[in-house]
Amino acid sequence: MKIQYALPLAIGLGFGAVAIRGLHARTITPPVYVVVEVDEVTDANGFEALRQTAAATAVEVQSEDGRYFARTENVIALDGSAPKFFAFIAFDNMTKAKAFNDSMKNNTALRTKVTKSRSFIVEGTSHWH
């Protein structure tokens with residue numbers, strides 16, 4: 001290919017790639033996060049039973065293409081009081097987050113029975129995705 005055609009072709013391909021990337025960025029849905037906080041364990045044996053479901057919960061997270069960002073009892077308060085347990089799970093969209101939550105009804109029932117806790121869904125922003 002002659003140099004006189006190569007440079008305009010390269011520039012055109014570059015602009016095309018930038019345009020496609022810009023269009024793609026506009027169509028990305030924001031990530032969605034499931035947050036679980038346990039403030040107090042009211043039944044130690046029941047909480048231990050809940051811990052035994054961790055492997056099954058991880059499988060459920062993966063089945064909805066979720067990713068654990070945090071899942072720990074090592075939480076340090078900066079102000080206020082820290083929860084005893086904290087989980088932060090990312091999903092690609094609200095549908096997957098809700099499907100995960102629906103699949104965890106038995107775990108949620110056990111968690112709310114043996115702890116003082118809460119869980120919620122938070123919609124993220126697309127420019128952090």
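1. A residue counts as buried under 20% relative accessible area, as exposed over 50%, and as partly exposed in between. On that scale Phe88, with a relative accessible area of 24%, is partly exposed. The model discussed here is predicted.

2. Phe88 pairs with Phe86, and the two rings are stacked, with 6.2 Å from centre to centre and 15 degrees between the planes. Phe86 is partly exposed because its relative accessibility is 21%. The structure holds five aromatic pairs.

3. Another of the pairs is formed by Tyr33 and Phe69. Their ring centres are 6.1 Å apart and the planes stand at 45 degrees, so this pair is tilted. Tyr33 belongs to strand β1 (residues 32–41) and Phe69 to strand β2 (residues 67–72), so the contact ties together parts that are 36 residues apart in sequence. Tyr33 is buried, its relative accessible area being 15%. Ring pairs link Tyr33, Phe69, Phe86 and Phe88 into a cluster.

4. Helix α2 (residues 44–51) has Gly46, Phe47 and Leu50 buried. Seen down the helix axis, the buried residues of α2 fall within an arc of 100 degrees, so they line one face. What covers these buried residues includes β1, α3, α5 (105–114) and β4 (115–123). Ala44 and Asn45, on the other side of α2, are exposed.

5. The start of α2 has a contact between side chain and backbone: a side-chain oxygen of Asp43 reaches to within 3.1 Å of the backbone nitrogen of Asn45.

6. The structure holds nine salt bridges, and Arg51 takes part in bridges with Glu48 and with Glu73. For Arg51 and Glu48, the closest N and O atoms are 3.5 Å apart. Both residues lie in α2, three residues apart, which is about one turn of the helix. An α-helix has 3.6 residues a turn, so residues three or four places apart point the same way. Arg51 is partly exposed at 38% relative accessibility, and Glu48 is partly exposed at 36%.

7. For Arg51 and Glu73, the closest N and O atoms are 2.7 Å apart. Glu73 sits in the loop between β2 and β3 (85–91) while Arg51 is in helix α2, so the bridge ties together parts that are 22 residues apart in sequence. Glu73 counts as partly exposed, at 40% relative accessibility.

8. Asp92 forms a salt bridge with Arg67, with 3.4 Å between the closest N and O atoms. Asp92 lies in the loop between β3 and α4 (94–103) and Arg67 in strand β2, so the pair ties together parts that are 25 residues apart in sequence. Asp92 is partly exposed at 26% relative accessibility, as is Arg67 at 34%. Salt bridges that share partners join Asp65, Arg67, Asp92 and Lys96 into one network.

9. Most residues other than glycine have a negative phi. Asp65 is found in the loop between α3 (54–63) and β2. Its relative accessible area is 41%, so Asp65 is partly exposed.

Terms used
Residues are numbered from 1 along each chain as its sequence is written. This is a predicted model: local features need pLDDT of at least 70, side-chain atom pairs count only at pLDDT 80 or more; totals for chains, interfaces and linings use all residues. Side-chain values use heavy atoms; hydrogens and water are left out. Rings of Phe, Tyr and Trp (its six-membered ring) pair if their centres lie within 6.5 Å; planes under 30 degrees apart count as stacked, over 60 as edge-to-face and the rest as tilted. Helices (H or I, at least four residues) and strands (E, at least two) are DSSP runs, numbered from the N terminus. Buried means under 20% relative accessible area, exposed over 50%, partly exposed in between (1.4 Å probe, protein chains only). The arc is that of the directions from the helix axis to the C-beta atoms. Contact means heavy atoms within 4.5 Å. A polar contact is a pair of N or O atoms within 3.5 Å; within protein, one must be able to donate a hydrogen and the other to accept it, and residues adjacent in sequence count only if both atoms are side-chain atoms. A salt bridge is a side-chain nitrogen of Lys or Arg within 4 Å of a carboxyl oxygen of Asp or Glu.
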